[in-house]
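Student: I would like to learn how to read the features of a protein model step by step. Could we begin with how strands are placed side by side?

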Amino acid sequence: MPIYEGYGTITDKLTFIIDIGAAYTKIGFSAEFAPRAIVASEVRCKNTNQVRNIYDYKDKEDLYDLLVEFIHLLYFKYALISPKDRAVVIVESLLCPTLFRETLAKVLFYHYEVASLLVVPSHLVSLATLAIDTGLVLDIGYTEAVAIPICHGSPVLHAWQALPLGSQAIHSHVKTLLSADNTGIQNISESVLEDIKEDIKVRCCFVTKRERAEKLRSVSSDIAPCPSVVYPLGGTKSLNVSGKLREMMYEIFFDEDLDHLCISTMILNVIASVDVESRTLLAENIVLIGGTCMAPGFKARLKAELYRQLKNERYSKFKNIKTIKFHTPPAKENYTAWLGAAIYGATEIVSMKALSKDQYFKEKRLPDWWSNLKDVVRSI
Amino acid sequence: MAYIIEQEVVKYVCTCGLLKPISKLYFCRYCLEVRCGFCVCHEVDSHFCEKCLENMPSAEARLKKNRCGNCLICPSCLLHLSVRAATVGPKNPEDPKATPRKVVYLHCLMCRWSSRDVGIPDQIAATGGWPERENVYNVRLSEIIEWYKSVVLLEKQQKLEKDKKKQRKYMSFTDKTGLTAEMIRKRIGLTEPPNPLLKTKAKPLEGAIAKEDVEELPDNIFTQPIKLNEITTVQQRLLQPEWQPVTVDKLFPIHKHLSVKQSLRCRSCEHNVSKPEFNPNSVRFKIQLFAYYHIPEIRIVTVEPLRAGQPAELLLKFINPTQHQTVVTILDLSSMPELIQDDKCSADTSTDDELKPIEKEPLSLSLTQSASLLHTTLSRQPSFTIKPRQTKQQVGADIEIPAANFVLPPRDDAAEFDDSGENYNFNDDPRLVKWRKSNKAVIKLQITPSTDLNLGDQVVVGFVMQHIYTNTIATSVEKDKEPQKCQHKIRVFLSLGNLLGSSE
C-alpha cells in the first residue's frame, strides 16, 4: 500500500458501495448520504472502439473481461482508492442472474483481491433509508419493474411480481411514436436516435392524468394535447415532438395487457399474494425506487390508477384497503437502493456477515442472498 | 510514439495469455516474466488535480471527497470555470469619496454560464469562499445511520454473550487458572464495562410515515410550452447526484474531481513494475520496467504477397534495446510446451478451476517484524497469481524455422550517428541475416500460408522468440559477480495481411 495513504488520521475503514444497474451504476462510500458518481454501466471496448453495456455479455468469459474493465474504471477514475484488501458492498436485485453475480464475485475476489464482499438485496435495503421494516418496494429500472413486499425485515419472495416495463420499453416506444407521427425519423441514423431517446424522454415527457389520456386516445377528443416541442438535432435539423407523444409516452405502464397486467395491477397482485394481516400495511407503505419513477407525475398517476383498480371487481376482496400511501425516501429515487446499502455499510454488518476472501476461496461460490442475510435483517 | 496509433500487427503473448503489443507490456526483472496491465496489481499512488496540478495527500482527498478545493467546473458544459472580476458601484452611492468595489464571479468561457445566472452572490476574494450546498436530509440520515449502527452493535454484543455462555459448559484452561481479567472481575463482583458505544443508547428512531397525498402535476404543464434550454439533460443531473436539478437555474458549480497516478505491482513477486514520480508536474517514472526496454522488438519489414500453399518471404527486423549483447533464436510454437500444456488441462477441467489462485507464502517482510508492530491494515496481504488463460490466436501459416541463431549487439546511442565502419564479424548465416546496423538486424523467414484459409482472411504466423536476457539486478549488489544470464522465451504472433488469390 502506498505510503501516501494517510493511516492514522482517519482510522475508520472505508467501504466501497457499488450498485450496478442495467443503465447506470451508482458508486460511493459507506456512511455518506449520496453516491460519489452515477455513471453509465458501459465500457469502451479497446479493440473495436465500441461502447458496450456490461449486461450485453456473450458468455462468462466475456462478462469477466467486461467487468474487469468496468470495475477498474470505477475504482481508478471515480472512487480513487486501491481495491485490494478493502470491503465491498454490492447492491443487487433479487432477480439477478446467477451467472452475473458469480462472475462479479469472481472478478472482485480474484482480479481485485477485495478483502470481503457483502451482497445486499436492493428491495430490502431501500427500506433502511426510511427506518421502517415493512413495505411494498417497487423498483422500476431500465429493463424491468420488480415489486417485492418486505414484511418485518424479510423479503416475501413468493409474492414477487415483475414486468418488462422500464426505461427500455419507454425508449422503444419513443421510436414507435415518433415514426407514427411521421416526423422523418427514418432519415435519422440509428446511433443518433439511441442518444436522443433518453433525452427526449427525460426533458419532454411526463405522466399525464388518466382522464386526459383516455380523452386523447379517443378519435373525437375535445381537449387539446399539451404544446409540442421542437427538439433540436445536431444544429441544423430539428424534430417535432408532438404534445400527444409527450403525454402518452408513459401510458404503456398503465395499459393492461391480456392478463390484466400493468404497473398498478402488479402492485395489487403482490398485495393479494401475501397474508391477510399484512395487506393493509403494505398498501399503506409503498416505496418507489429506480430512476424511471422520477418521471413527473408518476406517483400521482400510480395512486389514481391504484384507486381505480381497487374499484374493479377483481379486487373486491380488498375491502379493507381504504387508503394507499406512499413513502418519500430522503434521497432521489434512482439512488435510494444505494443509500440503503451505504447505511448498511456503515454498520458492523460488514464485518459480521460479509463473505471474506478465505471463505470464498474455500467455497468457490457466492452464497445466495438469503443464507447470508436473513438472520441479520430480521433483528433490524 | 508511433506505437499508440499504429495498428497492432506484432503481438507478444503475455504470461497471463493475453496478446498485447510490446508498448503495453511490462517485464518483471525479478520473476523474469512478461506482465501486462491485466495481470498486474493496480494501486492508487497519489491524488492530484488535473487543472491546478496540485498534489493532495490521500487523507485530505478523502475528507474533501476526492475533489479539488479551488478548481470548479461548469455544471452545464463540464469545462473549467474561470474567475472574472467586475466592478460594482460603491456601497453607498451618495458618498462622493467612495471608490467602486471589485468583486469576482465565476464564468464559463465555453457556454457562457455564469454564477450570476443562478443567483450565487459575488465574492470579494478571488480564491473562493463560494457557498457550498448541504444535503437537506443530513440530520435525518445521520440519525438513521446512528440508529442502525447501535442496533447492529447490540446484536453483536448479544451474540458474543451467547457464545460466552456456550463456552462455559466446558472448562477451559483459562477458566481453571482463573487468569483472565474477565474472570477476576466476575469474582470480585464487578460487572463488565459496557461498550462505550452501547452506553449512549440511541433513542428509538421513528420510522418514516407514508403519506397519502403525493405531488400532483402542475396544471400549467398542459398549456405552457416548455423551453428545452431551461431543462437540464440527464448528464447534467447525474453530475450532482444529491440534487439532480431539473431546471438550469438550479445548476451550481461543481468542484473538480481529482485524478490519480497509479503504480503497478507484479502479482507474483510483489515488486513494482511501474511507479510514477510523486510530483503531478512530472511525467517520469521512478520505476519503469517496460518490456520495450528489455525484450527485443520485432518489426515487419516486408512480406511477399500471400497466397495459399505458396511459400512467401518474410523480412523481420529485430532490435535489441538492452546494454548487453543477446542471441536470438527462433523456435517453433510448440517449444513452450509447459505453458500450452497448462492451458490445455485448464480448458479440459471444469471452468471454475481455471482461475484457481496459486498459493504463495506470505511476504517475508511481514513475518520478520512482530505482529504487534504492524497494524493489520498496514501490512500488505500478498497477492496471488491467477492461472494463465489459453491463447485463442489461430495460426494460419506454416513457418520454416531457421536452424541458425543470430547475435544482436548491445544498444549504443552513439552508433546511431556513426555511418562509417559497418563491418561486423558475427558468423552470420547469410541465408538468415540479410542486413545489420548497430543493434538491429533484418532476418529472412519462409512462410507458407495454409491452404485451409479463405480468400481475404487475415494470415497470422506465430513463433517463439528465445533471447538471452542479462539480468542487471545481481550485478549492482555483488560487483565482482558475472551478470546473470538466462534464456527467455516469448511467443509472438504477427498479422501479415490478407490472403490473396492465386497469381495465375
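Tutor: Let us start with the general idea, which is that two strands pair if DSSP finds at least two bridges between them. Please keep in mind throughout that this is a predicted model.

Student: Which residue stands opposite B:Lys11?

Tutor: B:Lys11 faces B:Phe493, which belongs to strand 24 of chain B. The two strands concerned, strand 1 (residues 10-13) and strand 24 (residues 484-498) of chain B, are joined by three bridges and pair in the antiparallel sense.

Student: In what order do the strands of that open sheet in chain B follow one another?

Tutor: The six strands of this open sheet of chain B have the order 2-1-24-23-16-20, and their pairing is antiparallel. At the edges stand strand 2 (19-20) and strand 20 (406-408) of chain B, each of which pairs on one side only.

Student: Is B:Val273 buried or exposed, and which residues is it in contact with?

Tutor: B:Val273 has its place in strand 12 (residues 272-276) of chain B, and with a relative accessible area of 0% this residue is buried. Leaving aside neighbours within four places in sequence, its contacts include B:Tyr26, B:Cys28, B:Val40 and B:Ile287. B:Val273 and B:Ile287 are 14 residues apart along the chain, and their C-alpha atoms are separated by 6.5 Å.

Student: How is the pairing described in the open sheet of chain A?

Tutor: In chain A, six strands form an open sheet in the order 3-2-1-6-7-15, and here the pairing is mixed. Strand 3 (37-40) and strand 15 (355-356) of chain A stand at the edges with a single partner strand each, so one side of each is left without a neighbour in the sheet. Within this order, strand 6 (residues 87-92) and strand 7 (residues 116-121) of chain A run parallel and are joined by six bridges. One of the residues to look for is A:Ala87, whose bridge partner in strand 7 of chain A is A:Ser116.

Student: Which helix packs on the sheet, touching strand 1 and strand 2 of chain A?

Tutor: Helix 11 (residues 336-346) of chain A packs on the sheet, touching strand 1, strand 2 (24-29), strand 6 and strand 7 of chain A, and its direction makes about 155° with that of strand 1 of chain A. Helix 2 (residues 98-111) of chain A lies across strand 1 (16-20), strand 6, strand 7 and strand 15 of chain A, running at about 155° to strand 7 of chain A.

Student: How should I read a salt bridge, and how many salt bridges are there over all chains?

Tutor: The idea is that a side-chain nitrogen of Lys or Arg lies within 4 Å of a carboxyl oxygen of Asp or Glu, and by this rule the count over all chains comes to 28. The side chains of A:Asp85 and A:Lys357 meet in one of them, at 3.7 Å from N to O. This pair links distant parts of the chain, 272 residues apart, with A:Asp85 in the loop between helix 1 (60-79) and strand 6 of chain A, and A:Lys357 in helix 13 (residues 357-363) of chain A. A:Lys357 counts as buried, at 10% relative accessibility.

Student: Why are A:Arg203 and A:Asp199 separated by about one helical turn?

Tutor: They are separated in this way because they are four residues apart in helix 5 (residues 190-204) of chain A. A:Arg203 and A:Asp199 form a salt bridge whose closest N and O atoms are 2.9 Å apart, and both residues are buried.

Student: Finally, how many residues of chain A are in contact with chain B?

Tutor: The contact involves 100 residues of chain A and 87 residues of chain B. The area buried between the two chains is about 8000 Å², of which carbon and sulfur atoms give 62%. The count between chain A and chain B is three salt bridges, and the side chains of A:Glu113 and B:Arg267 meet in a salt bridge at 3.1 Å, N to O. On the side of chain A that touches chain B, helix 1 of chain A gives the most, with ten residues.

Key: Residues are numbered from 1 along each chain as its sequence is written. Chains are lettered from A and ligands numbered from 1 in the order in which they are written. This is a predicted model: local features need pLDDT of at least 70, side-chain atom pairs count only at pLDDT 80 or more; totals for chains, interfaces and linings use all residues. Side-chain values use heavy atoms; hydrogens and water are left out. Contact means heavy atoms within 4.5 Å. Axes are lines fitted to C-alpha atoms, for helices over the stretch in contact, and angles run from 0 to 180 degrees between N-to-C directions. Buried means under 20% relative accessible area, exposed over 50%, partly exposed in between (1.4 Å probe, protein chains only). Buried area is the accessible area (1.4 Å probe) that two parts lose on being put together, summed over both.
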